[in-house]
Amino acid sequence: MTTHSAIKITTDSFGEAINHKTNKIEPVCRYTLQSADITLQVISYGATITSIKTKDKNGKLDDIVLGFDDIRGYKSDLNPYFGATVGRYANRIGGGQFKLDGKTYNLIKNMGNNQLHGGLIGFDKVNWKGYIKDNKIIFTYLSSDGEEGFPADLLSTITYELKANTLSILFEAVSNGSTVINLTNHSYFNLAGHGAGSEGVYDHVVAINADKITILNKEMIATGQLKCVGGTNYDLRTPQNLGKAIHSIPETGFDFNYCLNKFQAEKKTPTFAARVIEPKSGRYLELFTDQPGVQFYTGNSIKDGIGKNGAKFGKQSAFCLETQNYPNSVNIESFPSSILRPGEKYEHRAIYVFGVEQTSF
């Protein structure tokens, strides 16, 4: 066991995975970080968060993210990116292609005529190299030129840092050529505890600091237009009961990019993005990021399955808050740029603060 700044770190095995480049089997390592308030577990496969344990208002410790007991679950068709690092490009790219410096790049399509979350073998399906530094776990992965259709070699680094009741994720990348990038973490939260997944997330209360969302076409591809949420049922600027909000919109569930307020590209300072509370347990989550958007997803397409410790999960048994650039920004000039040039460094911060209170908002 390694101890750094009151953070205890242990490692153990979490099975094996194939290296898609070498076709060799590699060990999957699990890292456990424990503070006085939080116990976090991450694995090298997909640089994936597998567990976050926090206490409720009565002091009961529970796991608040969905996942599986072993590596087989994370490699199965039942896994909708539980806890994974998603890339090279999170969310959807319309037509599975984009143009950069006059050249059209055709990507691997894995969602009809489009690409979702980096393609068939995205960053969620590779075994990252991990190591411990102070109270941090750092993962690295070199994505080769042409992987899933993306240009240039891209070296990505994901740093998980735990301090007291705060989990910080730092995404970094450099490239030897011009390319595009949009990384995120895809954790599925249920603040009542992952075992309450079969009951859904309808008792949660959510607020998102965004005046607009990106408009989607019938294929869920961002069109380039924005919609003001004021006066609509998509407005989450003040706390809303999630069950009521889900059933108030035509889609009967959220899967939208919220355009965050106070984003300043030149400063890249994390600002308040969202707050969610589960009133019965008292657990809350506050999210801060330096990204322009956050994808709010209420698990509308989760298939029925069995997760950790035999817990059942299914449709709308968890929610996601995926910090990101606007979806399909590679094809929409008016959106914030997702282009990475040689000599530049991609940086992206997501900060999760966990706590409890005796009452709701």
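What you're looking at is a predicted model, where local features need pLDDT of at least 70 and side-chain atom pairs count only at pLDDT 80 or more, while totals for chains, interfaces and linings use all residues. Residues are numbered from 1 along each chain as its sequence is written, and side-chain values use heavy atoms, with hydrogens and water left out.

**The whole protein**

- The protein has 2 helices and 30 strands; both are DSSP runs numbered from the N terminus, with helices (H or I) of at least four residues and strands (E) of at least two.
- A compact globule of 361 residues would have a radius of gyration near 21 Å, and the protein, at 19 Å, agrees with that. That radius is taken over C-alpha atoms, and the globule rule is 2.2 Å times the number of residues to the power 0.38.
- Along the principal axes, the C-alpha atoms fill a box of roughly 60 × 55 × 40 Å.
- Of the 361 residues, 57% count as buried.
- Among contacts with a separation of 6 or more, 66% come from residues 24 or more positions apart; a contact means heavy atoms within 4.5 Å.
- The accessible surface is about 14900 Å², and 48% of that surface belongs to carbon and sulfur atoms. The areas come from the Shrake-Rupley method with a 1.4 Å probe, and for residues only the protein chains shown count as cover.
- There are 38 positive and 36 negative charges, and their mean positions are 1 Å apart. Lys and Arg count as positive and Asp and Glu as negative, while His and the chain ends are not counted; each charge is placed at NZ of Lys, CZ of Arg, CG of Asp or CD of Glu.

**A sheet of 9 strands**

- This open sheet runs in the order E12-E13-E14-E15-E30-E24-E23-E18-E21, with antiparallel pairing. Two strands pair if DSSP finds at least two bridges between them.
- At the edges sit strand E12 (129-133) and strand E21 (240-241), each pairing on one side only.
- Strand E30 (residues 346-356) pairs with strand E24 (residues 283-289) in the antiparallel sense over 7 bridges. Across that pairing, leucine 285 stands opposite phenylalanine 354, and threonine 289 stands opposite alanine 350.
- E30 also pairs with strand E15 (residues 166-175), again in the antiparallel sense, over 8 bridges. In this pairing, phenylalanine 171 has histidine 348 as its bridge partner.
- In general, strands of a sheet pair through backbone hydrogen bonds, either parallel or antiparallel.

**Tyrosine 141, inside that sheet**

- You'll find tyrosine 141 in strand E13 (residues 136-143), and at 10% relative accessibility tyrosine 141 counts as buried.
- Leaving out residues up to four places away in sequence, tyrosine 141 touches Lys21, Phe123, Val126, Trp128, Glu147, Leu154, Leu155 and Ser156.
- Proline 336 is 195 residues from tyrosine 141 along the chain, and their C-alpha atoms are separated by 25 Å.

**The E2-E3 hairpin and what follows**

- Strand E2 (residues 7-19) and strand E3 (residues 24-34) run antiparallel, joined by 10 bridges. Glutamate 16 stands opposite proline 27 in E3.
- Together E2 and E3 form a hairpin with 4 residues between them, and asparagine 23 in the turn has a positive phi of about 60°.
- Serine 35 lies in the loop between E3 and strand E4 (39-43) and counts as buried at 10% relative accessibility.
- Serine 35 and isoleucine 7 are 28 residues apart along the chain, yet their C-alpha atoms are separated by 5.0 Å. Beyond its neighbours within four places in sequence, serine 35 is in contact with Ala6, Ile7, Leu162 and Ala164.

**Backbone details in the loops**

- Back to tyrosine 81: this residue is in the loop between helix H1 (71-74) and E7, and has a positive phi of about 70° although it is not a glycine.
- The peptide bond from glycine 87 to arginine 88 is cis, with omega near 5°. Arginine 88 is in the loop between strand E7 (84-86) and strand E8 (92-93).
- Asparagine 309 is not a glycine either, but has a positive phi of about 55°. Asparagine 309 sits in the loop between strand E26 (305-306) and strand E27 (312-313), and is exposed, with a relative accessible area of 68%.

Notes: Buried < 20%, exposed > 50% of the residue type's maximum accessible area, 1.4 Å probe, protein only.
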